[in-house]
Amino acid sequence: MLRAIDLTKKYGEFLAVNGISFEVGKGEVLGVIGENGAGKSTTLKMLVGLLTPTSGEIQYDGRNLFENLNAIKRKIGYLPEFDALYDNLNAKEYLRVFAEIYGVDADTAEKRIYELLETLNLPVDKPVGEFSKGMKRKLSIARTLVHDPEYLIYDEPTSGLDPSTSMFVTEYVRDLGKQGKTVVFSAHNMFYVESACDLLLIIKKGRVLYFGELDALRDRMKKYIVSYRIGEREFEDVFEDVRDVNRLLAEITENGGEIISIETRVPRLEEIYFTLTDGKSIMD
């Protein structure tokens with residue numbers, strides 16, 4: 001279990017992260033969304049120990065991150081927003097370097113490296129400097145997995161990738177959750193968040209607008225569209241509460257009307273996000 005408890009990060013007088021709390025369990029995938037400057041990358045960097053919170057606490061399996069930093073870091077695979085690779089090495093050589101850093105024995109490392117390269121459709125012997133951007137991103141993901149961590153923290157894993165590679169990476173992230181990994185990733189493209197995540201964290205100006213299950217949020221914000229006819233006139237009403245729909249149906253029946261259709265409309269994540277631009281929390 002990864003828990004963030006009332007995380008705050010200040011730079012001078014600027015409050016970049018303002019009391020963020022959430023938790024993610026084994027096999028769960030948390031998508032973090034928000035506009036530029038919302039505090040996403042700052043939050044993720046705190047989760048991996050690259051930044052120290054001004055206040056608050058981060059726990060992995062009940063242990064404080066900063067009190068057990070070296071031990072916990074071995075359980076984490078971190079993908080920064082921008083790749084930093086060794087262009088003169090091939091993929092196998094590059095992954096061997098990081099396997100050695102994490103103390104993975106040679107036989108285990110060799111097997112794991114070939115499995116990762118095969119799964120991610122990467123060449124073994126081609127110099128990294130000749131890789132496309134998508135191939136480099138997939139190699140960076142392989143690097144986060146070479147020591148078989150329990151927790152994966154990915155900052156914009158699909159940033160700048162073509163749609164096909166972005167979808168491949170998204171499906172791969174979703175599969176990592178199914179394999180039992182705990183995944184936290186940020187993204188601008190909400191389609192990919194919808195495709196991969198179980199949980200959702202929406203941040204605006206450093207504070208939480210929503211944390212919880214994506215399906216629960218969509219259910220809370222779905223609408224009911226009722227089309228009906230009374231006499232010669234047709235009407236269409238939109239409701240957010242099914243109880244209002246039931247009241248309308250009773251009124252239509254009493255007035256000798258006719259129901260044409262009842263439609264339940266579940267909004268896309270992008271639509272939901274833009275309804276929250278006033279910055280008010282919907283946690284309660």
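This is a predicted model: local features need pLDDT of at least 70, side-chain atom pairs count only at pLDDT 80 or more; totals for chains, interfaces and linings use all residues.
**Notebook: salt bridges, strands, pockets**

I started at R268, which counts as partly exposed at 44% relative accessibility. My cut-offs here: buried is under 20% relative accessible area, exposed is over 50%, and partly exposed is in between, with a 1.4 Å probe and protein chains only. Residues are numbered from 1 along each chain as its sequence is written, and side-chain values use heavy atoms, with hydrogens and water left out.

**Salt bridges**

What does R268 pair with? I found a salt bridge to E270, with the closest N and O atoms 3.2 Å apart. The term means a side-chain nitrogen of Lys or Arg within 4 Å of a carboxyl oxygen of Asp or Glu. E270 is partly exposed too, at 38%. Shared partners join R265, R268, E270 and E271 into one salt-bridge network.

By this rule I get 15 salt bridges in the count. I picked out two more of them.

One is R3 with E23, whose closest N and O atoms are 3.4 Å apart. This pair links distant parts of the chain, since R3 sits in strand 1 (residues 2-11) and E23 in strand 2 (residues 14-24), 20 residues apart. For the element names, I take helices (H or I, at least four residues) and strands (E, at least two) as DSSP runs, numbered from the N terminus. R3 is partly exposed at 33% relative accessible area, and E23 is partly exposed at 36%.

The other is E110 with R96, and here the closest N and O atoms are 3.0 Å apart. E110 lies in helix 4 (residues 106-119) and R96 in helix 3 (residues 91-101), so this bridge ties together parts that are 14 residues apart in sequence. Both ends are partly exposed: E110 at 26% and R96 at 32%.

Which residue is the bridge partner of R3 in strand 4? I found Q59 there. Strand 1 and strand 4 (residues 55-60) pair in the antiparallel sense over five bridges; two strands pair if DSSP finds at least two bridges between them. Going on from Q59, I reached N64, its bridge partner in strand 5. Strand 4 and strand 5 (residues 63-64) are antiparallel over two bridges. They form a hairpin with two residues between them, and D61 in the turn has a positive phi of about 55°.

**Pockets**

I used a 1 Å grid over the protein atoms alone: a pocket is an open set of points with protein on both sides within 12 Å along at least five of seven lines, and lining residues have an atom within 4 Å of a point. Grid points are joined across faces, edges and corners, and a volume is the space filled by probe spheres (1.4 Å) set on the points.

The largest pocket comes out at about 280 Å³. Its lining includes V48, R74, F98, Y102 and R143. Helix 2 (69-73), strand 6 (76-79) and helix 3 are the elements that give two or more residues to this lining.

The second largest pocket holds about 230 Å³ of space. Of its 11 lining residues, R220, M221, K223, E240 and T275 are the closest to the centre. Helix 10 (residues 269-275) supplies the largest share of this lining, three residues.
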